[in-house]
Amino acid sequence: MKARIAKIRNFATDIKSLSLTPASGVEFPAASAGAPIIREIPGAERVWKNAYSLVSPDDRQKYEIIVRRAPHSRGGSAWLHDHAALGQVIEIGMPVNLFPMEASAKNHLLLSAGIGLTPFLSYLPVLRAAGAAFQLHHCCRISETDAFGALLPADENIILHTSRTSLDLATLLSSQKLHTHLYVCGPEAFMNVVVASARKLGWPQAKIHQESFASATGGAPFKVKLARRGIQLQVKDDESLLEALENVGLSPPSLCRGGACGVCELPVLEGLPEHRDHFLSGAKREANSAIMACVSRAKTPELVLDF
Ligand code: FES
């Protein structure tokens, strides 16, 4: 879909919000709370694709996203911060929700850090309108308290933490009532700590939901052989396997591009993947029978994929 950048707001240091309106005159499709869109960002040598949560997915006249400049941005968030301009028309993908709220939950525990708050901004009106039991704990830098605080309604169930140590995870996670579902979104390290704590306390995997928009990080280059196509290609140190496939004109499916949704899973026939995703089960990870192309790399000089 074509979308016009209608408003850019400097939200906090290195964080901007962008309002996008339909460039074709036709309304955007409505989406459910938690849905991201993929933005295509033209770079000098390639098109970057990043996923961003919609802040108000039911507004068909306007999609709003919040973007932090990634510390080592390879192009996507840096382009948005440095080159996005009012009136510019950009390409966006259809919103698809891979981080929905669980309808059977009796209580929703939402934990976020930084711009990991964005999917929860769309959850809150739904939870409050339904009178659902929930608690949101959001961690942010002291300098960002006002910016994030302004996005949140006054509610005793919404608690801002200006240091991650002020969030007593063990107490919080062990004091939840039965049928509580846990939702986590934020930087990799934050999510890993929360999920590891929940697992240690015996939370079943089915009640832990996480959203990751971390983009791929680089690593040693490796070769990939595509068994079905008889093609061999090189994954460079600064690109992901998914990008390498796209750069030779292939279109493997992808969505979150952060190792969370499972859409880009490809079967591995030979070689050892270096798993960097949050999706694969322990058994599949140990069997090394699949790789998430958006973030994972190779431990061996070559991988052979059934693709
Ligand atoms: S695109 Fe979602 S895990 Fe790779």
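Two strands are taken to pair if DSSP finds at least two bridges between them, and helices (H or I, at least four residues) and strands (E, at least two) are DSSP runs that are numbered from the N terminus. In these terms, Leu-226 has Ile-231 in β13 as its bridge partner, a contact that belongs to the antiparallel pairing of strand β12 (residues 222–226) with β13 over five bridges. The hairpin formed by β12 and β13 has four residues between the strands, and within this hairpin Gly-230 takes a positive phi near 65°.

The model is a predicted one, in which local features need pLDDT of at least 70 and side-chain atom pairs count only at pLDDT 80 or more, whereas totals for chains, interfaces and linings use all residues. Residues are numbered from 1 along each chain as its sequence is written.

The chain contains seven helices and 18 strands. Its C-alpha atoms fill a box of roughly 60 × 50 × 35 Å, taken along the principal axes. The radius of gyration, taken over C-alpha atoms and compared with a globule rule of 2.2 Å times the number of residues to the power 0.38, is 20 Å, which agrees with the value near 19 Å that a compact globule of 307 residues would have. A residue is called buried if 20 or more other C-beta atoms lie within 10 Å of its own, exposed if 12 or fewer do, and partly exposed in between, with C-beta atoms placed from the backbone; by this criterion, buried residues make up 37% of the 307 residues. Contacts are defined by C-beta atoms, placed from the backbone, that lie within 7 Å, and among those between residues at least 6 apart in sequence, 64% join residues at least 24 apart.

Strand β8 (residues 134–139) pairs with β9 in the parallel sense over four bridges, and the bridge partner of His-138 in β9 is Leu-160.

Helix α2 (residues 118–130) has a kink of about 25° at Leu-124, shortly before the proline Pro-125, the bend at a residue being the angle between axes fitted to the seven residues ending there and the seven starting there. Buried residues in α2 include Phe-120, Leu-121, Tyr-123, Leu-124 and Leu-127. The helix is followed by Gly-131, whose phi is positive, near 65°.

A nonpolar core is a set of buried Ala, Val, Leu, Ile, Met, Phe, Trp, Tyr and Cys residues joined through C-beta atoms within 7 Å. The largest such core has 68 residues, of which Ile-65, Leu-110, Phe-120, Ile-291, Met-292 and Ala-293 touch the most other members. To this core α2 gives the most, with five residues. When residues up to four places away in sequence are not counted, Ile-65 touches Ser-17, Leu-18, Tyr-52, Ser-53, Leu-54 and Val-55.

A further open sheet of five strands has the order β13-β12-β18-β14-β16 and mixed pairing; β13 (231–235) and β16 (290–292) are its edge strands, each pairing on one side only. Neighbouring strands in this sheet are turned against each other by 40° on average, direction ignored. Strand β14 (residues 265–270) pairs with β16 in the antiparallel sense over three bridges, and Leu-266 stands opposite Ile-291 in β16. Pro-267 also lies in β14 and is exposed, with 12 other C-beta atoms within 10 Å. Apart from its neighbours within four places in sequence, Pro-267 is in contact with Ser-289, Ala-290, Leu-305 and Asp-306.

Positive phi values also occur in residues other than glycine. Most residues other than glycine have a negative phi, but phi of Asp-14 is near 65°. Asp-14 is found in the loop between β1 (2–12) and β2 (15–22) and is partly exposed, with 16 other C-beta atoms within 10 Å. Phi of His-179 is likewise positive, near 65°; His-179 is found in the loop between α4 (169–174) and β10 and is exposed, with 12 other C-beta atoms within 10 Å.

Key. Axes fitted to C-alpha atoms, helices over the stretch in contact; angles between N-to-C directions. Contact = placed C-beta atoms within 7 Å.
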